[in-house]
Amino acid sequence: MTNKTETWTLNIEGMSCASCVGRVEKALGQVAGVDSASVNFATETASVAGNNIKLKALLEAVNAAGYKASQTDDGTSHPAPTEKGFDVELLQVLLCAVLSLPLLVPMLAMLFGQNWTLDKWLQLFLATPVQFWFGRRFYLGAWKAFQSGTANMDTLVALGTSAAYGLSLVLLLSGSGSHELYFEAAAVIITLVLLGKWLEAKAKRQTTEAIRALQSLRPETARVIRETAAVEISIIDLEVGDVLQVRPGEKIPADGIITEGTTTVDESMLTGENMPVTKTGNDRVTGGAVNLDGQIIVKVTATGTETTLAHIIRLVEDAQAAKAPIQKLVDRVSAIFVPAVVLAALVTVLAWGLLTNDWVQATLNAVAVLVIACPCALGLATPTAIMAGTGVAARNGILIRDAEALEKAQAITIIAFDKTGTLTEGRPELVSVAALSGSEHDVLQDAFSLQLGSTHPLALAVGNAANTQNLSAIPARDIKALPGKGITGTVEGRSLWLGNGRLMEEIGVDQVAMLATTQTHAVQENTVSWLAEKQDDVMVLRGILQFQDQLKPTARTAIARLKAAGIRTLMISGDNLPAARAVADKLGLDDYRAEVLPQEKASIISALQDGRQHVGMVGDGINDAPALATADVGIAMGSGTDVAMETAGITLMHSDPLRVADAIDISRLTFRKIRQNLFWAFIYNLLGVPLAAFGLLNPMIAGSVMALSSVSVISNALLLRYWHPASAAKATEPAE
């Protein structure tokens with residue numbers, strides 16, 4: 001026996017709503033040896049930790065709870081469901097609508113004095129497949145809830161539609177007039193709820209797009225050197241210590257260290273910046289990055305779930321596992337409401353039967369209680385508001401992924417912004433060149449020569465300035481990129497170094513002289529590159545190049561709007577402290593963080609959440625993906641990477657900071673409509689049930705009241721169509 005903690009990852013099939021998660025977790029938690037069990041509804045997986053756990057016992061426990069479990073192939077999640085599944089569900093909704101529409105039209109026609117009543121047997125023929133074939137999922141869900149001692153939306157749908165259908169069948173067989181049948185109520189309810197289920201399934205698939213996008217970055221095979229030959233193997237079979245051959249144009253299979261060769265690598269999947277980085281001996285490379293132009297030999301340092309990319313995937317999965325609070329609220333209310341309605345119906349039939357001895361009327365009154373409690377309006381309350389709100393938002397360039405993002409966005413108390421490309425244009429310009437020895441012309445030409453061919457944003461800025469002055473680059477030799485620091489090389493026999501303050505400190509530049517130079521040239525508000533030359537074994541400063549990334553014209557107005565809405569603003573930047581402070585002051589931000597590494601962004605978000613803040617994160621790069629997923633709501637700029645947009649709950653198709661405030665505005669308004677709809681949905685039941693119990697409502701009137709509640713909910717939701725974003729009439733102002 002061993003006390004070593006084990007972790008199992010299982011695929012779970014058959015979960016239909018968030019309440020299923022609790023039942024699966026409870027079933028897994030009762031297995032011997034299990035310390036913790038966490039179910040991810042988005043990816044339909046379960047992570048189980050404990051000691052001496054038997055896989056067979058886990059699978060049997062899940063199966064006994066009414067679901068199906070299987071072990072994953074490689075310990076990672078497999079996003080589900082598939083597109084084919086969505087097509088089947090949509091087809092079911094359409095078929096239900098085809099069968100229900102003929103039942104619904106006569107009921108609506110009666111409001112205008114028209115009698116289009118269908119033959120009663122035709123009504124039975126149309127309603128029966130909807131009730132028992134397309135609606136069987138609700139019976140199964142209600143049965144599972146009953147077995148676990150709970151009640152949920154499936155319970156409400158099953159009870160309500162069964163009551164309407166059963167009453168109609170009784171009236172039909174007893175020879176009552178067709179105008180007293182309620183087949184249309186049962187059929188329409190099932191159709192509308194199935195539509196909501198389809199929308200929910202569609203939203204759930206969207207939550208897994210980020211995970212699939214990240215997983216697609218990993219190659220399926222790797223070329224491992226065995227003795228003198230390179231052998232292609234599955235990436236699953238890679239081990240730490242393996243030596244890989246990576247040719248130009250290929251993805252690097254795993255994290256490792258270069259042992260031979262020099263190349264440039266596209267690491268945009270981590271940095272969010274579309275710039276190649278030079279890599280040579282002893283440099284680290286990351287799995288999923290693209291080797292651009294040179295063959296390299298890599299010694300593997302991490303594989304499978306231990307790679308950097310796998311860690312990012314897990315961060316996204318964990319962040320997306322949260323349950324929608326509004327669904328938990330509805331389920332909690334339903335758990336009380338359904339037993340109460342059933343009890344009220346039972347009391348009604350007994351009271352009327354014993355007091356009047358008219359058991360037929362007693363039964364009709366009891367059925368009226370159940371009919372008026374049918375969850376039609378309750379089922380429409382959330383999806384109609386969501387469809388209206390997200391529809392008008394989409395027309396204005398704001399894409400809201402799902403109801404959870406919508407609900408959480410309205411509660412945001414602080415918004416964190418990435419700086420580059422979000423608050424700024426993302427295109428730095430060279431604004432100043434100062435020579436400390438020689439001329440400014442020489443400083444610019446040397447910097448241009450060192451960086452010729454580089455696609456780094458600062459290098460491009462130097463190139464643009466040099467071209468403007470018609471400078472010609474001098475051929476440079478021994479060029480070596482220093483990631484995160486700068487570049488070095490030889491120009492006309494002179495050893496030059498160009499980079500940030502960290503590089504200057506490492507190569508031995510006099511820090512006192514640097515400080516004095518900084519004060520003299522007032523560089524505290526700009527991004528700075530220093531040019532140094534090695535002269536007689538001494539590093540001498542040659543010049544200073546200052547860069548500035550212009551603020552977006554609407555950034556200051558956007559921050560002001562958010563603050564006016566009661567939301568605090570924070571900027572998270574990898575830039576130096578003085579430059580970040582200058583941007584924060586110009587925009588009027590409440591707070592800022594500088595010199596932050598990409599992997600630290602999510603930690604900052606988590607710390608804010610620990611302080612009871614509801615956090616929104618605005619970003620545009622793949623390096624923002626963990627932070628976007630960790631935040632209560634991630635907001636991605638449309639100009640950003642696909643992974644950033646797929647991870648975020650809200651995507652802004654126009655890279656305008658003002659759209660952030662617009663997204664919060666429509667989220668708050670939509671959620672206000674949801675709350676209003678839920679209020680009306682419940683108030684009809686709370687008022688109607690007592691009236692029905694006292695015999696003041698017959699089933700026909702109860703059905704009409706139920707329909708009226710649906711109309712009021714839909715009408716209220718449709719008011720959202722008249723929303724217009726404040727940014728549509730924005731007045732831009734130049735950035736300082």
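Tutor: Start with a term: buried means under 20% relative accessible area, exposed over 50%, and partly exposed in between, with a 1.4 Å probe and protein chains only. Of the 736 residues in the chain, 50% count as buried. This is a predicted model, where local features need pLDDT of at least 70, side-chain atom pairs count only at pLDDT 80 or more, and totals for chains, interfaces and linings use all residues. Residues are numbered from 1 along each chain as its sequence is written, and side-chain values use heavy atoms, with hydrogens and water left out.

Student: OK. How many helices and strands are there in the chain?
Tutor: The chain has 25 helices and 26 strands. Both are DSSP runs numbered from the N terminus, helices being H or I with at least four residues and strands E with at least two.

Student: Which residues touch the most other members in the largest nonpolar core?
Tutor: Ile415 and Ile650 do, in a core of 42 residues. Helix H24, residues 658–693, gives the largest share of this core, eight residues. A nonpolar core here is a set of buried Ala, Val, Leu, Ile, Met, Phe, Trp, Tyr and Cys residues joined through side-chain atoms within 4.5 Å.

Student: What is Ile650 in contact with, beyond its neighbours within four places in sequence?
Tutor: Its partners include Ile398, Leu399, Ala409, Val633, Ala663 and Ser667. Contact means heavy atoms within 4.5 Å.

Student: And Phe671, buried or exposed?
Tutor: Phe671 is buried, because its relative accessibility is 7%. This residue lies in helix H24.

Student: New topic. What makes up the nonpolar surface patch?
Tutor: Leu343, Leu346, Val347, Leu350 and Leu354 make a patch of about 500 Å². Patches take residues with over 30% relative accessible area and no salt bridge, joining like charges within 9 Å and nonpolar side chains (Val, Leu, Ile, Met, Phe, Trp, Tyr) within 5 Å. The areas come from the Shrake-Rupley method with a 1.4 Å probe, and for residues only the protein chains shown count as cover. Leu346 sits in helix H11, residues 325–356, and counts as partly exposed because its relative accessibility is 47%.

Student: How many salt bridges does the structure hold?
Tutor: It holds 14. A salt bridge is a side-chain nitrogen of Lys or Arg within 4 Å of a carboxyl oxygen of Asp or Glu. One of them joins Arg494 and Asp446, at 3.0 Å from N to O.

Student: Why does that pair tie together parts that are 48 residues apart in sequence?
Tutor: Because Arg494 lies in strand S19 (residues 494–499) and Asp446 in helix H15 (residues 440–451). Asp446 is buried, with a relative accessible area of 3%, while Arg494 is partly exposed at 22%. Both belong to a network of salt bridges that also links Glu492, Glu533 and Arg542.

Student: What about Arg561?
Tutor: Arg561 meets Asp662 in a salt bridge of 2.9 Å, N to O. Arg561 lies in helix H19 (residues 555–564) and Asp662 in helix H24, so this pair ties together parts that are 101 residues apart in sequence. Asp662 is buried at 0% relative accessibility, and Arg561 is partly exposed at 23%.
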